[in-house]
Amino acid sequence: MDGGQTKPNAERAAARPPQGMSASALDRKLGIKKHAREDAARNLPRHDAQDLSDTERQIISAVAAERARVDQSRQDALADAERRMRTLSPAPQDFMGPALDARLALRQVSSRVAHDWDEASRRASEARAELNAFKHAHELRRTAIYPRSTLLQSGLLFCAAVFEALFSAALFAEDDERGLLGGAITAVGLSGANVTLGFIAGFLGLRYLQHQRWPMKTLGAGAFAGVGALALMLNLFAADWRDQLAAISGRQLDMGSDASFHLWSLLSLDSPQAIILLMLGAGVWVFSALKGYSGFDDPYPDFGKMDRAAKAATEALSDFRAEARTELEAPINVAKDALSARLEKMRAEFEAMNKAFDAVAAKMETLDAQARALDDAASGAIHLYRQENAAHRTSPAPAYFSAEPPSVGPSLDALGAAAALIDDARARLAEAQAQSTQALEGLLVDLEAATDRNNTGGPA
């Protein structure tokens, strides 16, 4: 409740006239009622009078001095506010200078990167054209299929080699005089050779079997047949050797290091370990051949290489374009920061000017309230005189008694000049915002034009 009553009470206190300037105080000081009755007894002022009576002029004179002091305070406050607002008024800023500097820097950067941009574009176009020509010549109607990283495929081949080596070592160690170490050495060599031959058969054999040109297809078939025969001989030899080791171990004969290849015994394996060894080797070889066929590159020869070259050229162009775009945007960003700083400076000055206007408006409101209180006191005293005079006179009262009493001081509308300064500053700020926006839009148009010229290989 206190907060709701404080402001109105303060306003009423501010609207009260100074000490001795109320209507009742003026009555006591000037004897307004007494003079009104005396004038009424003499029928003064006359019913046809046009001018104020002496008592009314005394009232106005008594209030005029205090009103003049208030008016002088108002004029001083207004003059000081106008001087301060002119000082704080936003100064005109140059919004074309940063834009011109940015355009010059933009042309310089564009000229510097034009050659490299054109070279990167040409390489990307040539690589794409070569890839399309390759696909057309080899009747390929699909995209290249290959893993992004060959690490996983290499790991799978390594796991296959380790898997075969572990099982083979156990099979060889059963009848090898050197024990597990000797079996492991033999198994590692066998699995490594098996994986290598399988990979070569898939990479150089199976892939070239689907080549569009017959010479390459013939070479692929020959490579696959030769490597396949070599792998078959290797695994049959390993199985036969394991069978002979088992037979020797069973007869307890010492055959030394005899590892001769007996062609007539290839189809007559006796031990199950030899058959398992042969099947294991065949499985690992087939797995390795499939990985060599499509695990490391596209199944069609040179297709993956051509596709990677085209993608590398395209990515290089994209990276270069991004770097060049960053260089082209650098002067634009500098100009943008400069324009924003200048516009922000004008906004801060306008804000300070607006605060100064609000401060003088509040001060003028207080002084205006004092002036209105004096005017109201004078008007009330004059009404008191006229009322008392009209009540005690025998002749009609003058016609001017029904009119409003004259104002003691000048009109209170004194903020017109300050408001005009605010309006002018607001207009300059709006114009500055439009100039800044126009400058930035022009720079963006120039940036896009420079980018399009470099993209199309035109002159910078």
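This is a predicted model: local features need pLDDT of at least 70, side-chain atom pairs count only at pLDDT 80 or more; totals for chains, interfaces and linings use all residues.
1. Start with the overall build. The protein chain holds eleven helices and zero strands, so you can read its pattern along the sequence as α-α-α-α-α-α-α-α-α-α-α.

2. Next, consider the chain as a whole. It has 460 residues, and 39% of them count as buried. Its accessible surface is about 25,800 Å², with 59% of that belonging to carbon and sulfur atoms.

3. Among contacts in the protein chain with a separation of 6 or more, 86% are made by residues 24 or more positions apart.

4. Helix 3 (residues 32-41) packs with helix 10 (residues 303-392) at an angle of about 35 degrees, and their axes lie 8 Å apart. The crossing of these two helices is right-handed.

5. Which residues in helix 3 and helix 10 meet? On the helix 3 side they are Ile32, Lys33, His35, Ala36, Arg37, Asp39 and Ala40, and on the helix 10 side Ala381, Leu384, Tyr385, Glu388, Asn389 and His392. Sorted by class, this contact has six nonpolar, three polar and four charged residues.

6. Finally, do visit asparagine 194, which sits in helix 7 (residues 179-209). Is asparagine 194 buried or exposed? Its relative accessible area is 0%, so asparagine 194 counts as buried, the cut-off being under 20%. Leaving aside residues up to four places away in sequence, asparagine 194 touches Glu164, Leu234, Asn235, Gly281, Ala282, Val284 and Trp285.

Definitions and conventions:
Residues are numbered from 1 along each chain as its sequence is written. Side-chain values use heavy atoms; hydrogens and water are left out. Helices (H or I, at least four residues) and strands (E, at least two) are DSSP runs, numbered from the N terminus. Buried means under 20% relative accessible area, exposed over 50%, partly exposed in between (1.4 Å probe, protein chains only). Contact means heavy atoms within 4.5 Å. Accessible areas come from the Shrake-Rupley method with a 1.4 Å probe; for residues, only the protein chains shown count as cover. Axes are lines fitted to C-alpha atoms, for helices over the stretch in contact, and angles run from 0 to 180 degrees between N-to-C directions. A crossing is left-handed if the near helix is turned anticlockwise from the far one by less than a right angle, and right-handed if clockwise. Ala, Val, Leu, Ile, Met, Phe, Trp, Tyr, Cys and Pro count as nonpolar, Asp, Glu, Lys and Arg as charged, and the others, Gly among them, as polar.
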